[in-house]
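Please consider the model shown below together with its sequence. The paragraphs that follow lead through selected side-chain pairs, backbone angles and surface features.

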Amino acid sequence: MWYRIAAFVIKFRVSLMVLLLAATAFMGYHASKVQLSYEFTNAIPTDNPKYQAYQSFRKLFGEDGNLMVIGVQSKDFFSDDFFKDYAALVKEIEKVKGVENVLSVPGAITLVPDSAEAKMNVVKLMPADGAVNAASFRDQFVTLPFYKGFLYNAEADAYLMALRIDKKVLNSANRTGIVNNILSLANGFGKRHNIELHYSGLPLIRTMMAAQVQQEMRLFLILSFVLTAVILFLFFRSGVAVITSLLVVAVGVIWSLGTITLLGYKITLLTALIPSLIVVIGIPNCVYFLNKYHAEYHKHPNKVKALLRMTERMGIVTLFTNLTAAIGFGVFFFTKSAILREFGLVAGINIMAIFVISLIFIPALFSFLNPPKGKHTSYLESKWMNNLLMTLTRWVFNHRMWVYAVTAAICGVSAAGVLRLQTVGHIVDDLPKDGKVFQDLKFFEKNFRGVMPLEIVIDTRKKGGVTLKVMSNMDELVTYLNTFPEIGHSLAITEGIKFIRQAYNGGDSVYYSMPTIDALELAPYLSAKEGSGKKTQFTQLLSAFMDSTRQKTRISVNMADVGSVRLPVLLDSIRPKVYELFDSTKYDVTFTGTSVVFLEGSKFIINSLQESLMLAFLMIFGCMIALFRSWRILLISMVVNIVPLLITAGIMGWVGIPIKPSTVLVFSVALGITIDVTIRFLVNFKQELQRHDDGIANNVQRTIQDTGLSIIYTSLILIAGFGVFALSDFDGTKSLGYLTSLTLLLAMVTNLTLQPALLLWMDKAEKKRATILIDESEVEEEKEEN
């Protein structure tokens with residue numbers, strides 16, 4: 001069949017090249033329309049209870065992940081020059097399009113009761129003309145406990161500005177411009193006063209990550225092209241071979257970007273890796289084809305015959321190597337995670353597409369070119385490479401037990417390391433630990449106990465159920481939450497009521513507490529409206545924390561990025577107090593918010609990746625059974641590919657690299673690629689067995705010599721290609737890079753040592769079985785003679 005395919009490609013090469021060019025032009029048109037994703041990609045499925053609870057919360061109360069914060073630490077904050085300039089900065093930021101409102105120290109308000117109309121008038125502490133004495137402002141401001149721990153930390157001289165950004169802007173390309181505008185204004189203030197400002201919040205983190213994704217996508221693509229070009233030239237010593245290979249992967253990259261657009265997807269942190277992956281995975285196809293072409297032409301200087309043999313022999317090899325790689329990535333499509341499904345589908349489709357591109361483009365193009373010269377095939381007789389392969393052969397044949405023993409010892413140590421692995425994820429997992437975004441987050445955790453949102457929704461199950469008793473219990477819960485060092489300021493309707501009570505009693509901070517016997521006196525001020533019938537500014541703020549029917553209310557908590565291990569423990573510690581205050585037979589209390597959903601997504605992705613890894617194993621080894629139809633070959637291929645994964649997992653355990661989405665991804669990706677080398681070796685071994693009837697041992701030796709060269713070079717290309725990702729600023733991408741490169745290096749070693757050693761074991765088993773059959777036959781003959 002493969003000979004007929006080879007003949008078809010050569011015969012209709014012009015038509016096929018025209019079709020390929022037209023398809024590439026079509027995909028290129030759509031690739032030019034690819035867009036960067038600015039939306040928060042859901043990691044968990046829409047039928048997940050925590051996802052549904054979060055969507056219900058957003059529908060009722062609005063966004064919780066659109067708050068950006070700016071922090072400053074200075075003992076001179078209330079000096080006249082500094083404070084007036086800070087107030088001017090607040091006004092400038094308020095004017096930025098897309099900023100809905102700003103909560104800040106200069107924007108602080110106080111309440112003045114209007115007994116005649118039974119309402120609270122909102123009065124700004126800062127005069128309208130900005131002429132203020134900073135010291136006087138400070139003396140009045142510190143009498144308002146509402147802001148303590150929220151906008152300032154007196155002990156640390158730390159002050160916070162909170163900006164709420166329009167949700168529509170956050171999910172658009174305009175987000176980057178708005179965030180950069182805010183940063184520019186704030187940095188200008190910092191330079192004028194020679195002080196560092198600190199920035200955090202999900203809008204900033206998402207913007208910084210999106211910009212970095214775009215920058216790294218271009219960088220990795222360029223580096224992967226340059227590295228592979230250098231390695232290819234060192235290997236083939238031919239500019240034509242290098243250019244051809246780069247053209248193949250360039251077409252693959254265009255197709256991959258076009259596929260993203262055609263499927264209605266956008267560039268995310270994961271799909272941004274696909275173009276570079278196509279380069280890394282597509283180049284081995286070119287190496288296998290060209291190496292075989294050169295080897296065949298070296299044997300018999302007939303270009304057409306060499307191209308036919310190349311396509312015939314390597315067609316099935318590259319089909320199965322690409323198929324298994326596509327399975328390694330494609331299984332992610334069967335998860336319920338949107339971000340993984342997109343990545344798996346696009347990667348799987350385009351890995352198979354790069355096979356088709358290689359199969360058509362390489363034989364068709366080289367049929368028009370001059371045959372290779374002697375210098376282009378001289379690498380086939382490289383002395384140092386032949387010496388290396390001879391050394392490997394001697395080790396396999398003469399020290400087989402040592403190969404087994406060393407492998408078993410390393411696997412034993414690795415298994416012990418696997419037992420030390422821990423599963424943990426953080427919202428800012430991928431950010432560099434020494435970067436400003438991460439360090440600024442730690443600033444807010446140190447001075448304000450964090451800025452990550454956690455929401456506690458209390459459903460009284462009846463309209464008007466949010467009574468004074470319920471609110472008093474909420475206040476007690478807030479007091480209890482403050483005992484946890486990871487939990488910062490909590491904002492609820494109770495804080496507003498306490499603010500009103502303080503104002504009603506002449507602004508004395510002693511009265512900043514929940515009302516008791518004076519509750520009826522305060523009631524009119526809680527529902528007061530303007531003359532036009534509209535709610536007052538303050539009652540509007542209160543209504544953001546309680547629904548219109550007064551059935552549900554919420555407590556908005558700022559907390560540290562505690563991670564997926566600590567968060568469930570923390571919530572479990574809070575629940576007994578929650579159930580003590582809110583009887584579960586009368587109330588429904590839900591923990592939700594971006595923190596809960598994000599970390600639930602992290603846990604879900606890890607579980608999904610583990611399941612997809614098992615599915616990848618089953619599908620890949622199903623391909624092996626279909627290809628070789630031998631349980632011994634299947635067993636050998638399983639052992640050879642499990643060992644590198646086990647060693648990598650063991651190293652992760654010993655050096656303390658945790659299991660998280662980015663590191664679990666390594667195993668599925670590496671399995672899909674390392675099995676390619678195994679298939680390359682075993683297919684050649686099978687072909688040698690069919691052509692030579694001189695035993696397994698001789699064919700193993702020939703296979704090492706025939707495939708060793710291309711296996712080493714393709715492995716080096718893969719290692720260098722994935723090694724590029726280690727230059728990323730994202731820890732997740734960096735882990736994917738160096739852990740996958742390590743696994744591929746280990747796979748190269750096991751495929752050229754352990755695999756042939758196990759094939760010799762199969763030879764020994766076959767001979768033993770043959771001896772037993774011969775002995776049984778002789779016994780039967782003796783019986784017949786007697």
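**Salt bridges, backbone and surface**

Glu296 and Arg309 form a salt bridge in which the closest N and O atoms are 3.2 Å apart. The pair joins distant parts of the chain, with Glu296 in helix α10 (residues 274–299) and Arg309 in helix α11 (residues 303–330), 13 residues apart. A salt bridge here is a side-chain nitrogen of Lys or Arg within 4 Å of a carboxyl oxygen of Asp or Glu. Helices are DSSP runs of H or I with at least four residues, strands are runs of E with at least two, and both are numbered from the N terminus.

The model is predicted: local features need pLDDT of at least 70, side-chain atom pairs count only at pLDDT 80 or more, and totals for chains, interfaces and linings use all residues. Residues are numbered from 1 along each chain as its sequence is written, and side-chain values use heavy atoms, with hydrogens and water left out.

Is Glu296 buried or exposed? Glu296 is buried, with a relative accessible area of 1%, whereas Arg309 is partly exposed at 25% relative accessibility. Buried means under 20% relative accessible area, exposed means over 50%, and partly exposed lies in between (1.4 Å probe, protein chains only). Glu296 and Arg309 also belong to a network of salt bridges that links them with Lys292 and Arg313.

Glu600 is buried at a relative accessible area of 12%, while Lys50 counts as partly exposed at 38%.

A further salt bridge is found between Asp572 and Arg575, with the closest N and O atoms 2.7 Å apart. Because these two residues are 3 residues apart in helix α21 (residues 563–581), Asp572 and Arg575 are separated by about one helical turn. Asp572 is partly exposed, with a relative accessible area of 46%, and Arg575 counts as partly exposed at 27%.

Attention now turns to the backbone. Most residues other than glycine have a negative phi. Asp157, which is not a glycine, has a positive phi near 55 degrees. Asp157 lies in the loop between β5 (152–153) and β6 (158–165) and is partly exposed at 22% relative accessibility. Arg550 likewise has a positive phi, of about 60 degrees, although it is not a glycine. The place of Arg550 is the loop between α20 (537–543) and β10 (552–559), and Arg550 counts as partly exposed at 39% relative accessibility.

Helix α8 (residues 202–236) contains Thr228. Thr228 is buried, with a relative accessible area of 1%. Which residues does Thr228 contact, leaving aside its neighbours within four places in sequence? They are Leu246, Val279, Ile283 and Ile717, contact meaning heavy atoms within 4.5 Å.

Leu234 also lies in helix α8. Together with Ile222, Val226 and Val230, Leu234 forms a nonpolar patch on the surface, with about 360 Å² of accessible area in total. Patches are made of residues with over 30% relative accessible area and no salt bridge; like charges are joined within 9 Å and nonpolar side chains (Val, Leu, Ile, Met, Phe, Trp, Tyr) within 5 Å. Accessible areas come from the Shrake-Rupley method with a 1.4 Å probe, and for residues only the protein chains shown count as cover.
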